[in-house]
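Please read them with the coordinates open beside you.

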Amino acid sequence: METDRRRMAPQVGIVMSCRSEWETMRAASEILTDFDISHEQCVLAPYAVERILKQISDFEAQGFRILIVSGAAYLPGLLAAHTTLPVLGVPIPSRSFRGLDSLVAMVQMPRGLPVGTLAIGEAGAANAALFAVSILALTDRTIRERLQAFRERQTRSVLDDRLP
């Protein structure tokens, strides 16, 4: 019997620093939906530190297991500093530096404050979701089977992709 994702407590939180990041982070949501992983997304603005800290408590109380966080290093770092949940960071492309500034800041988090940092942009968002799926697959056989099937399909599609 297939589990209804809408009735389950979310396992993954997708956290953005502003609404405009949704265009990038949508890729994470789509992957999680394809794997039938319950998730929610929210915007936590940088100037609302008290709200961010309350939301972290809410994530833990609601049983979230992983956070996928976009933006500059401050938001993934702040969340990682205040929770034991795994935090996967996705640098967002910017006009000035095309996301390189966010990437460099995230990978320079101080020792003891881990943020698993993925690629800049949509590829990073999709891979963050796949990384979350891999983490969840460690304790969930159904997810593990879906992940194995996904990887087999992906391998076949690459091997079958012949040029004319």
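1. What pLDDT does the protein average, and what share of the residues score at least 70? This is a predicted model, and the protein averages a pLDDT of 91, with 93% of the residues scoring at least 70. Where pLDDT is low, predicted coordinates should not be read in detail.

2. On the sheet, 5 strands form an open arrangement in the order S2-S1-S3-S4-S5, with parallel pairing. Strand S2 (39-43) and strand S5 (116-117) are the edge strands, each of which pairs on one side only. Within this order, strand S1 (residues 12-16) pairs with strand S3 (residues 66-70) in the parallel sense over 4 bridges, and Val12 has Ile66 of S3 as its bridge partner.

3. On helix packing, the axes of helix H1 (residues 22-34) and helix H5 (residues 122-137) come within 7 Å and cross at roughly 30 degrees. Because angles under 35 degrees count as roughly parallel, H1 is roughly parallel to H5. The crossing of these two helices, H1 and H5, is right-handed.

4. As for the residues behind that packing, H1 contributes Glu23, Thr24, Met25, Ala27, Ala28, Ile31 and Leu32 to the contact, while H5 contributes Glu122, Ala125, Ala126, Ala129, Leu130 and Val133. Sorted by class, the contact of H1 with H5 has 10 nonpolar, 1 polar and 2 charged residues.

Terms used
Residues are numbered from 1 along each chain as its sequence is written. This is a predicted model: local features need pLDDT of at least 70, side-chain atom pairs count only at pLDDT 80 or more; totals for chains, interfaces and linings use all residues. Side-chain values use heavy atoms; hydrogens and water are left out. Two strands pair if DSSP finds at least two bridges between them. pLDDT is the predictor's confidence in each residue, from 0 to 100. Axes are lines fitted to C-alpha atoms, for helices over the stretch in contact, and angles run from 0 to 180 degrees between N-to-C directions. Angles under 35 degrees count as roughly parallel, over 145 as roughly antiparallel, 65 to 115 as roughly perpendicular and the rest as oblique. A crossing is left-handed if the near helix is turned anticlockwise from the far one by less than a right angle, and right-handed if clockwise. Contact means heavy atoms within 4.5 Å. Ala, Val, Leu, Ile, Met, Phe, Trp, Tyr, Cys and Pro count as nonpolar, Asp, Glu, Lys and Arg as charged, and the others, Gly among them, as polar.
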